[in-house]
Amino acid sequence: MHVLICGGGVIGASIAYFLSCRGVKATVIEGTGLACAASGKSGGFLALDWCDGSPLARLARRSFALHAELAEEIAEDWGYRRLDTYGGFAGFRRRRSAYDLGWLSDDVTVAHALGSPETTAQVHPGQFTAALMRAAEARGAELRLGRVTGITQYEGRATGVEVDGNVVEGDAMVIAMGPWSILAACWLPLPAVFGLKPQPRFRHRRKNPGGGCVPRISGTERCGADPRAVSPHRRHNVRLRHLQRGALAG
Ligand SMILES: Cc1cc2nc3c(=O)[nH]c(=O)nc-3n(C[C@H](O)[C@H](O)[C@H](O)COP(=O)(O)OP(=O)(O)OC[C@H]3O[C@@H](n4cnc5c(N)ncnc54)[C@H](O)[C@@H]3O)c2cc1C
């Protein structure tokens, strides 16, 4: 059995890792570079119970436990750490709060704790993806650079993928191209999957305070906002729609 995984983000790398643990040959085909997209830039934030009450609850809880197991299993430093997580607001004079954190600026008021080291954790997403891929390669998986442009088929079965004009044969294919997975709807009778496009900025601070700031262990910060909490930038959304239409039109 040889599985071809299109896309070298965290999803592609982790599928390669778990397949290789089960003795299945896996090849990840990545167009640009391992973890070059969201998987290398995200907050890398993990929460045990934030999906409770939704259909994703069991998956989120399993994923939280699995990251802790992987930190033991894969002997590399990918920045896994348990941590406290807080919610609050900034840009106003600090108000009285039950959480007086000496390391915060006077402009920030912590309103509540969102998680504790028992329920929240963080990884460095790029290092995590790279560590998974290296662990998979150590078990026989392969990372191949090249852009997937189609799926070859014979009598209704997928037989391989087209990579830069050549065909790579395989027994099963996984589409793990993140927001580019929509391209696969041109290759196979699959429903188009659209990505969410968060706007990483705060336009109306008073009306739309929703956002996040994720500190990395390296000392850098990642900030972003809930797409429902900010006004989307029309020009960007129009461009995204054009791209999606173009992809579907082939
Ligand atoms: C700002 C931001 C913050 C986030 N924070 C968090 C967080 O704190 N916690 C959390 O759990 N999630 C977070 N996420 C979400 C998380 O990063 C993504 O869900 C995850 O990285 C998606 O991984 P992926 O492998 O599906 O896709 P991607 O990382 O997008 O990988 C897809 C890969 O496919 C490749 N590709 C595309 N087209 C082709 C082609 N034709 N041929 C070959 N390769 C191709 C791309 O180059 C890319 O490397 C965040 C996302 C963003 C953007």
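E155 sits in the loop that joins β9 (148-154) and β10 (157-163); helices (H or I, at least four residues) and strands (E, at least two) are DSSP runs, numbered from the N terminus. Although E155 is not a glycine, its phi is positive, about 50°. Please keep in mind that this is a predicted model: local features need pLDDT of at least 70, side-chain atom pairs count only at pLDDT 80 or more, and totals for chains, interfaces and linings use all residues. Residues are numbered from 1 along each chain as its sequence is written.

- E155 is exposed because 5 other C-beta atoms lie within 10 Å; a residue is buried if 20 or more other C-beta atoms lie within 10 Å of its own, exposed if 12 or fewer, and partly exposed in between, with C-beta atoms placed from the backbone.
- A35 belongs to the loop between β2 and α2, and its phi, near 55°, is also a positive value in a residue other than glycine.
- Buried or exposed, what is A35? A35 counts as buried because it has 24 C-beta neighbours inside 10 Å.

**The chain and its confidence**

- The protein chain holds six helices and 14 strands, and 23% of its 250 residues count as buried.
- Residues 24 or more positions apart make up 61% of the chain's contacts with a separation of 6 or more; two residues are in contact if their C-beta atoms, placed from the backbone, lie within 7 Å.
- The average pLDDT of the chain (the predictor's confidence in each residue, from 0 to 100) is 84, and 78% of the residues score at least 70.
- Over residues 199-209 the pLDDT is below 50, and this stretch has 22 contacts in the model beyond near neighbours in sequence.

- Helix α4 (residues 125-138) has 14 residues and should span 20 Å at 1.5 Å a residue, which agrees with its end C-alpha atoms being 20 Å apart; the expected span is 1.5 Å times one less than the number of residues.
- Among the buried residues of α4 are F128, L132, M133 and A136.
- The buried residues of α4 pack against α1, β2, α2 and β8 (142-145).
- After α4 comes G140, with a positive phi near 110°.
- The largest nonpolar core has 40 residues, of which I5, C6, A16, V28, M133 and A136 touch the most other members; such a core is a set of buried Ala, Val, Leu, Ile, Met, Phe, Trp, Tyr and Cys residues joined through C-beta atoms within 7 Å.
- Elements giving two or more residues to this core include β1 (2-6), β12 and α5 (184-187), while α4 gives the largest share, seven residues.

**C6 and V174**

- Leaving aside neighbours within four places in sequence, C6 is in contact with residues including I29, V148, V161 and V174.
- V174 lies in strand β12 (residues 172-175) and is partly exposed, because 18 other C-beta atoms lie within 10 Å.
- Not counting residues up to four places away in sequence, V174 touches V3, I5, C6 and I15.
- V174 and G7 are 167 residues apart in sequence, yet 8.6 Å apart in space, C-alpha to C-alpha.

**Around the ligand**

- The ligand is surrounded by 29 residues, and the closest are G7, G9, S42, G43 and G178; a residue is near a molecule if its C-beta atom, placed from the backbone, lies within 6 Å of it.
- α1 (10-21), β2 (25-30) and α2 (38-41) each supply at least two residues of this shell.
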